[in-house]
Each structure stands twice: as C-alpha cells, then as structure tokens.
Amino acid sequence: MSLIESRAPADPLVLFRRWYREAARNGAPQPEAIALATADARGAPSARMVLFKGLDDGRFIFYSNYDSRKGRDLAANNRAALVFFWSAARHQVRVSGKVSRLPRAASIAYFHSRPRGAQLSALASRQSRVVRSRAVLEKAVADLERGYPKTVPLPSDWGGYALRPDWIEFWESRTDRLHDRLRYVRRREGGWRLERLAP
Ligand SMILES: Cc1cc2nc3c(=O)[nH]c(=O)nc-3n(C[C@H](O)[C@H](O)[C@H](O)COP(=O)(O)O)c2cc1C
C-alpha cells in the first residue's frame, strides 16, 4: 500500500500499527528487531539492535540492562532514536524522542514472563563489561541456577525503557527511488503536524 494512495491518518501510531501488522503478515522474520541509537554525554553515537516490546501510552518499549553502554548513554543523555526496517514491504520507520525508565513493577512483570534461562543470563551478565572468558559467564549462570531454584529475582540494573516520540517518519520505497517520506512532528499543543520530506 502506498502512502500516496492511502490517506495518511492523523495519528502516526495508527499508521505504525498498520505497517507493523503488515510486516508480520508479510512474513518478516523479526519485525520487532529495531536499531536503537544513543549518544553519550559528549555526543559520541552508538547503535545496536534491540527488541521492540510494544506500545504503551504511545511510547515505544524495549528492555535492557541499565548499566550497559546504552544504559549509561541514556542516563547521561535521554535522547534516542529507533529504526524499524521491513524489507518485504520496503518500509522504514524512524522514531526519535526522549527515553525514560519503566516503573519497576512493569519490569518485574516482563522479566518473569521470560524463559528461566534468559532470566538467569540477564542476572549473570554485567552487560557491556569486559569478561575474561565464556567460562566465567557459564559458571556465573550455573551458580545462580543453584542459588535460585525457584524464582529468579529481577536484577537491580535491568528493566524497561519507554521512548516517547517527538517525531516519527514513515518511509516507503517507490519506483526510481522517488520514495515517499511522511514525518509526523509532535505539536506542543497536542496532536501532530504531518509533512512530506524529499526522498
Ligand atoms: C536481533 C537482536 C535483538 C536484540 N535484542 C536486545 C534487547 O532487546 N535488549 C538488549 O539489551 N540487547 C539486545 N540485543 C543485543 C544488543 O544488540 C547489544 O549487543 C547489547 O544490548 C549491548 O549493547 P550496548 O553495549 O550498546 O549496551 C539484541 C541483538 C540482536 C542482534
């Protein structure tokens, strides 16, 4: 579906949800895989993939380690950007805004919905720190496995983030690279300003 042919909705999240559903229907292998760009206090950028875990009150949710490189970046500079790319549909969505941490109760609920192995790995891993060997990590997991035979506690440095968009851009591939780009910019007074960008 083309942005030109379809009338763009007033709410970008309506369009986002439509494209996301389409990506999943088109068999995108991991439609929820997103690039997350952060920058440190000096402005040095850093990007990596994370998993998009849904929308909450118009905010884009993902989970990570608060003391990782991205976590330290976000603590120093809460501005970040996300990129979705769904190749079969030839769609890209870019999202930019400020990030805040989810309430701990939400992180606890999500953490305990994950497989036990993933919970243990999160607890064992001081994400983004140098480790001497893989054996060190495996031993840490084995020790925790014995230490927590039932419930694995949420690590104090692990949890959810919510990015509240300042703008969202929808890109759709068109012939001869005369692509469509529609950007929604959040208005101070509420609602969104919609503009078309040159490809
Ligand atoms: C497809 C994919 C999904 C990933 N999802 C996550 C995720 O949801 N959370 C996370 O912390 N790391 C995730 N990772 C690992 C990150 O890309 C990255 O290696 C890690 O978070 C450390 O990044 P940092 O050192 O910049 O903080 C994922 C990697 C890939 C390839």
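Two strands count as paired when DSSP finds at least two bridges between them. Keep that in mind as you explore this predicted model.

**Stop 1: strand E8.** Select residues 180–186, which make up strand E8. Of its 7 residues, 5 are buried, so the rest of the structure largely encloses this strand.

**Stop 2: the neighbours of E8.** Show Val185 and look across to Arg193, its bridge partner in E9. Follow the chain through the hairpin, where 5 residues lie between the two strands and Gly190 has a positive phi near 105°. Next, select residues 158–172 for strand E7, which is antiparallel to E8 and linked to it by 6 bridges. Here you can find Ile168 opposite Tyr184 of E8.

**Stop 3: the ligand.** Which strands and helix each supply at least two residues of the shell around the ligand? Colour strand E2 (45–51), strand E4 (59–65) and helix H2 (69–76) to see them. E2 gives the largest share, with 4 residues. Residues to display around the ligand include Met49, Val50, Leu51, Tyr63 and Lys70. By type, the shell holds 4 nonpolar, 5 polar and 3 charged residues.

Stop 4: Zoom in on Ser64, where a side-chain N or O atom sits 2.6 Å from a ligand oxygen. For Arg48, a polar side-chain atom is 2.8 Å from an oxygen atom of the ligand. Finish with Ser68, whose side chain has an N or O atom 3.3 Å from a ligand oxygen. On its own the ligand has 620 Å² of accessible area, and the protein covers 63% of that.

How values were computed
Residues numbered from 1 in each chain as written. Predicted model: local features only at pLDDT ≥ 70, side-chain atom pairs only at ≥ 80, totals over all residues. Heavy atoms only, no water. Near = heavy atom within 4 Å. Polar contact = N/O pair within 3.5 Å; in protein donor to acceptor, adjacent residues only side chain to side chain. Areas by Shrake-Rupley, 256 points an atom, 1.4 Å probe, with all protein chains shown as cover. Nonpolar A, V, L, I, M, F, W, Y, C, P; charged D, E, K, R; others polar. Buried < 20%, exposed > 50% of the residue type's maximum accessible area, 1.4 Å probe, protein only.
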